[in-house]
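Visitor: I have a structure to go through. Could you walk me around it?

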Amino acid sequence: ALMPHKYIFHIHCLNSISLLVQENVEQKLANYFRDLKYSFIKYSMPGLSLAKEIQKILKDNKPDILFLGNHGLVVGSNSISGALKKINFVSKSIKTNNHKKLRLNNNMLHKIALDTFYRPTKYSESNQLASKDEYINILTSGSLFPDQVVFLGPRILKINDKSEINKIFEEFKTKIKLPIIVVPKAGILVPKNITPESEELIFAIYLIISRIPKNEKINYLNESQENEITNSE
């Protein structure tokens, strides 16, 4: 409603999110997109709060692209083909090669899940999140973007053996969601009652994290921002 273009796309482009969760993102955007008419908006709660921040930007500028910190893209154009061209350009400009996939201990994953409220995730590629310490650290250190909090809850936990999974169940059995679990060098365990959308989101998180260059510092959502999402309508 705020932007002047005929067609507006708001998307959660995974390549873009892999950049928009990094620290110093504004400088990185400037390096990538010198010739684009864009604005960057620091993370704000999706909905009215975000709309107000967009409104402030549009008072002085009329960008074709809004990069939303820890969130995604807004792309405007007076033609659908023009919008899609911009989306593809942004996505391809940011995309980095996925890292080499490593061998995992699938038997260990199944043994830990046996006779519990958990099972291995059905998307085998998602298990690569457990393949490297750098992936595990990003995964378990905080929330990257709002949908992660909505669909998976604010925390993903790491365990090393079966005794820990029972402790987690006792701690979280009265909560709305059981947490997702990562077992180093083995894979990802999900609650048996997980929704299809939530399980797809874990796969999306793998695609995001695997595109973040090594040793990049991450700008996580803080606890207040997580609570705002969790307690919203």
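Visitor: How many bridges join E6 to E7, and which way do the two run?
Guide: Three bridges join E6 to E7, and the two run parallel. Two strands count as paired if DSSP finds at least two bridges between them. Helices (H or I, at least four residues) and strands (E, at least two) are DSSP runs, numbered from the N terminus.

Visitor: Before I go on, what are these coordinates?
Guide: This is a predicted model: local features need pLDDT of at least 70, side-chain atom pairs count only at pLDDT 80 or more, and totals for chains, interfaces and linings use all residues. Residues are numbered from 1 along each chain as its sequence is written, and side-chain values use heavy atoms, with hydrogens and water left out.

Visitor: Back to E7. What stands opposite Val182?
Guide: Lys158 stands opposite Val182 in E7.

Visitor: And what is the strand order of that sheet?
Guide: The order is E5-E8-E7-E6, an open sheet of four strands with mixed pairing. E5 and E6 (156-158) are the edge strands, each pairing on one side only. Neighbouring strands of this sheet are turned by 30° against each other on average, direction ignored. Axes are lines fitted to C-alpha atoms, for helices over the stretch in contact, and angles run from 0 to 180 degrees between N-to-C directions.

Visitor: Now H5. Which of its residues are buried?
Guide: In H5 (residues 106-113), Leu109, Ile112 and Ala113 are buried. Buried means under 20% relative accessible area and exposed over 50%, with partly exposed in between (1.4 Å probe, protein chains only).

Visitor: Why do they line one face of the helix?
Guide: Seen down the axis of H5, the buried residues fall within an arc of 95°, so they line one face. The arc is that of the directions from the helix axis to the C-beta atoms. An α-helix has 3.6 residues a turn, so residues three or four places apart point the same way.

Visitor: What is on the face turned away, and what covers the buried one?
Guide: The face of H5 turned away from its buried side carries the exposed residues Asn107 and Lys111. The cover over the buried residues of H5 includes E5 (118-120), H8 (162-172), E7 (180-183) and E8 (187-191); contact means heavy atoms within 4.5 Å.

Visitor: What follows H5?
Guide: Asp115 follows H5, and the phi of Asp115 is positive, near 60°.

Visitor: Different topic. At what angle do H6 and H9 pack?
Guide: H6 (residues 133-140) and H9 (residues 196-209) pack at about 125°, with their axes 11 Å apart. That makes H6 oblique to H9. Under 35 degrees counts as roughly parallel, over 145 as roughly antiparallel, 65 to 115 as roughly perpendicular, and the rest as oblique.

Visitor: Which residues meet there?
Guide: Tyr135, Ile138 and Leu139 in H6 meet Ile205, Tyr206 and Ile209 in H9.

Visitor: Last one, E3. Are its faces covered or open?
Guide: Both faces of E3 (residues 65-68) are covered: Ile65 and Phe67 on one side, Leu66 and Leu68 on the other, are all buried. E2 (residues 38-41) pairs with E3 in the parallel sense over four bridges. Tyr38 stands opposite Ile65 in E3, and Ile41 stands opposite Leu68.
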